[in-house]
Amino acid sequence: MLSLQLFFMLAGMLASCSDQEDSEAVPTQTVVVDTLNIDVVLPKEIINEWRNTIEWASYNIMKAQTAQPWRVSLNLRFHNEDSEDLETLASRLTRPEAGDDTCHAIIGPYHSSNASVFLNYAAQSRLPVVMPTCTSAELQRINALNTYAWFLTESDVTQCDIMASAAGIMECSDIALIYSDDSYGQSFYDYFGFFATEHLFNIPGQGIIDYAKGDDLIPFIKDIDDNCEGTNLYILLALSDPDDYAVVTDIITDYFNRHSTKAHASMIYADIALNQHTIDALSISGNIGVCPTGSPISGFRQVYESEFGHHPNNGQAQVYDAITLIALGAAMRHAHPDKCYVGGKEVVYTTKPYGPGLTDYMRAVVAADSGKTTKWTIPGLATAFKEVAAGNYITHMGAMGKTKFDKESNTKATNTMYMVWKLDCENAAEEDVTRIAKPICYLSTNGYDNSTNTSFLWEKKSFILKFNKDIAEHTNLPDVKDHWALVIATSTTWKNYRHQADALAMYQTLRNHGYDDDHIVLIVEDNLANDSRNPFPGKIFVDSEATSYSVEDSDRFNVRKNAVIDYHFSDLQPDDLLDIMTGQQSERLPHVIHPNSASNIFVFWSGHGGESEGPLWGNEDEWNYFGQQRIKDIVTQMDNRNLYRRMMLAVETCFSGRWGQILKGIPDIIAFTAANAFEPSKADIFDNKLGVFLSNSFSRRFMEKINESNGDIPIYDIYKEVAITTNGSHVMIYNEDNYGSVYNCKMSDYFPQ
């Protein structure tokens, strides 16, 4: 650093000399250069692809500061994300005692699956980790409040929405998903069904499948081809390995060319596909993709194309802004060395390091909503550095545009511009094929910077089912003699707290509506109330307000209070439910329901589910399905033996619509599910003190409406209220045609008081 300072001092003195010895001396300017070590962690092919952008940004930063006496210089150090030991690298880069070799900021990694390694190590010193392309929704949720975790692109929840919107633009009739079973693919898996339903697409057959190298996709492809309702099928590919896109595309294309006589299949590629290596491997024109990009009105794309002769690929606008943001943060720290204000509030930490760090000054740059507007170009950056040096805040317009960040940590981008591109293979008939990703349009979820608002592309925003109002009442049913309930939570771990909590809350709801314990079979593991991680021993809550009270005062929120547990979940096997539901009492199963033809039966099931058959028997890492056929056999036997008058199943699991589908046609039974057959349901109410979700969205709203109405509410009314207020999944009703009018039948059939 000293040698650079002497160099600039000598340069200043030489520039002040003149051939005229008697001329007036020009005052020399002492230039101080502060060097930041920026470690860039990316796969080798992405380093090669992004290097032009990274070095261009660094050069522009240098040129923009020529008028400043204090300057920041970026020492860029590259690391291969695919070949280095990331644990060792993360540990070394984040050590505060590394001296002159200290890392001041990390850019990367490229893949969400690697990001947690660096974030875990960076937490101790709050070293900024700026991630241009890590879009895992779960990763972003976990790091929502971490001020050192920078996500410059919205999560893949948004990208899934964008991909569905792109399919709508292409007049899609049917849609399916092939995804990677990892942290990248998880967000698409979670939200594909939701957005497909919002756009009113048909999901043919199984509709969703995970893919790993070498998997046989033909049965899945045949299934969706056989079940297409239209002719324009789009298959979303959300694969974390760029090499998989060409392989899967070829398999799908070959099948439809050879075997399909009904549908035409096209692909929609997720952001990872837009890199030159993948584009060069794709051989089929006409497929489309989406990826985060720079704002179309920022001029970044046009200048980039002029500089480098091709369109910027995935993440290049983001990495440009990452570098300039770090430099502006360093300049802000130099201008305000003692105190840092983010959005008008002074940054103060209660844990070491107590003082604000580079990440906080970067937050101060993006949090400002007033001040002179500056841009990403050399003149714009020159203005930015000048304003910051004068102690002023700025409103910076990066290559991405005016990116908004969340109000909690100010490190998570909340608006992202997506480019929809189309693959064009020029000179396809010739041996030397040029493959180009041509922009079609720009989409965002809020329509900023001349993009199309995806909300306008939806035929309707809320998916509310309409039912046949002319369904006749079932007048041949006997009068109700008694009510029975089965309540079960099929998970057992602390992190799945919400499932047992919801089951216990439903038990309390049933007790409040007149059920005695002899008419409820309650199955939960019952291992949470006295778990060592529970700061409220003996208590379970579904309301986050409870944890704001003392242990004693929180008792009124305790859904475990006085609950009579009939079975610990781990003591039962799936086949035991047949005996319990049909009254087959035994020494091993002493607690069963005793229904007859005048009994109304309510079943509440809370747990995990999978895309093949819906509810799982056990925790998500065990992946044991209870079985669609098993639940159908139980209900069919009860019907054949006249063991119920009416029955309702309320199922709170991912893909719970699978059970609704299999139960169609059985008389006097209705299935109320938290999600359709193609989507997960969502947790609700995260409690920081317990560190877990307390409830699921569907269960909470269902019980709230029951309690508000005392059960005297038509089934349709509670469905509509719960469907509108349940976030992230589509609440469904199945088999209403064989039940009776949901507009006239009331929930008091199951909640009588």
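These legends accompany close-up views of a predicted model.

Residues are numbered from 1 along each chain as its sequence is written. Because the model is predicted, local features need pLDDT of at least 70 and side-chain atom pairs count only at pLDDT 80 or more, while totals for chains, interfaces and linings use all residues.

View 1. Let's start with five strands in the order E2-E1-E3-E4-E5, paired in parallel. Strands (E, at least two residues) and helices (H or I, at least four) are DSSP runs numbered from the N terminus, and two strands pair if DSSP finds at least two bridges between them. Strand E2 (70-80) and strand E5 (149-151) are the edges, each pairing on one side only.

**View 2. Strands E3 and E4 side by side.** Here E3 (residues 105-107) and E4 (residues 129-131) run parallel and are joined by two bridges. Look for Ile-107, whose bridge partner in E4 is Val-130.

**View 3. Helix H2 on the sheet.** Helix H2 (residues 44-64) packs here, touching strand E1 (32-42) and E2; contact means heavy atoms within 4.5 Å. The directions of H2 and E2 make about 175 degrees, with axes fitted to C-alpha atoms, for helices over the stretch in contact, and angles running from 0 to 180 degrees between N-to-C directions.

**View 4. Helix H3 on the sheet.** Helix H3 (residues 86-93) also packs on the sheet, and touches E1, E2 and E3. Its direction makes about 160 degrees with that of E2.

Note on methods
Heavy atoms only, no water.
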